[in-house]
Amino acid sequence: MYLSIVIPCHNYGHYIKDCINSILLNDLKFILEIIIVNDSSIDNSENIILNLKKKINLIKYYKFNFKSLSKSSNYGISKSKSDYILKVDADDLINKDFIKIHFNYLLKKDIDISFSNLVFFNRYKKKNIKQSNSNFMYFFKYPVGSGIIYKKKVWEQLKGYDESLNFQDDLDFWIKIKKKKKYKIFHIDEYIYYYRNHRTSMSK
């Protein structure tokens with residue numbers, strides 16, 4: 001059982017190296033590929049990604065002018081070859097045990113979707129955000145579309161992220177998951193996904 005990690009990137013050259021390095025600290029035996037979709041970046045994102053690609057065989061790189069986070073996410077997932085998907089925003093980080101902890105539950109419990117608590121951080125502070133299966137108020141501010149691991153068939157059945165949305169596509173995706181009421185969802189009560197907040201964040 002393998003994992004495809006999909007990273008949409010738009011002008012996040014300043015952060016993406018740290019993002020990739022946080023992934024590489026994990027147990028690589030579970031990772032089949034790291035798919036980076038560079039969407040309309042005008043900073044140094046491409047040079048940084050290409051330099052990383054030379055050193056890291058797991059990286060697959062695509063460049064488009066979608067100007068759409070949902071289109072970038074859908075394209076990256078459409079190119080994936082694994083049964084499981086993890087979408088990580090290019091400015092975020094994951095804990096060194098993130099994948100091992102998730103797969104410990106995914107393998108034992110036949111989970112469709114697993115998600116953890118968040119560490120919300122910026123240059124000045126960190127704040128732990130406890131997630132929940134039922135509390136949608138958190139999802140409006142910290143949508144869990146990134147940092148969750150789900151079976152690719154879930155994305156296929158839900159027809160991916162809504163490309164008509166300019167923002168909150170993660171929230172919309174999660175609401176569609178909840179409406180189906182057929183997926184086995186597991187909350188991991190650990191703070192292992194690091195959600196970066198900054199003034200150029202796409203979520204703003």
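Predicted model: local features only at pLDDT ≥ 70, side-chain atom pairs only at ≥ 80, totals over all residues.
Two strands count as paired if DSSP finds at least two bridges between them. Keep that in mind for strand 6, which is joined to strand 7 (residues 126-129) by four bridges, with the two running antiparallel.

**Strand 6 and its neighbours**

- Strand 6 covers residues 113-121, and nine of its nine residues are buried.
- With strand 7, strand 6 makes a hairpin that has four residues between the two strands.
- On the strand 7 side, Ile129 stands opposite Leu118.
- Strand 9 (residues 185-196) pairs with strand 6 in the parallel sense, over nine bridges.
- Leu118 turns up here too, standing opposite Tyr193 in strand 9.
- Strand 8 (residues 148-151) also pairs with strand 6, in the antiparallel sense and over three bridges.
- Look at Phe115 for an example: its bridge partner in strand 8 is Ile148.

**Aromatic pairs**

- The count of aromatic pairs comes to 13.
- Tyr84 and Phe103 are one of them, a tilted pair at 5.9 Å centre to centre with 55 degrees between the planes.
- Tyr84 sits in strand 4 (residues 84-87) and Phe103 in helix 4 (residues 98-109), so this pair ties together parts that are 19 residues apart in sequence.
- Tyr84 and Phe103 are both buried.
- Phe120 and Tyr195 make a stacked pair, because their planes are at 25 degrees and their ring centres are 5.8 Å apart; the cut-off for stacked is under 30 degrees.
- That pair also bridges a stretch of sequence: Phe120 is in strand 6 and Tyr195 in strand 9, so parts 75 residues apart get tied together.

**A charge over a ring**

- Lys87 lies over the face of Tyr161, at 5.2 Å from the ring centre.

**Putting strands 6 and 9 together**

- If you're browsing the structure, strands 6 and 9 are a handy place to start: they pair in parallel over nine bridges, and the stacked rings of Phe120 and Tyr195 lie in these two strands, Phe120 in strand 6 and Tyr195 in strand 9.

Terms used. Residues numbered from 1 in each chain as written. Heavy atoms only, no water. Phe/Tyr/Trp six-rings, centres within 6.5 Å; stacked < 30°, edge-to-face > 60°. Buried < 20%, exposed > 50% of the residue type's maximum accessible area, 1.4 Å probe, protein only. Lys NZ or Arg CZ within 6 Å of the ring centre and 35° of its normal.
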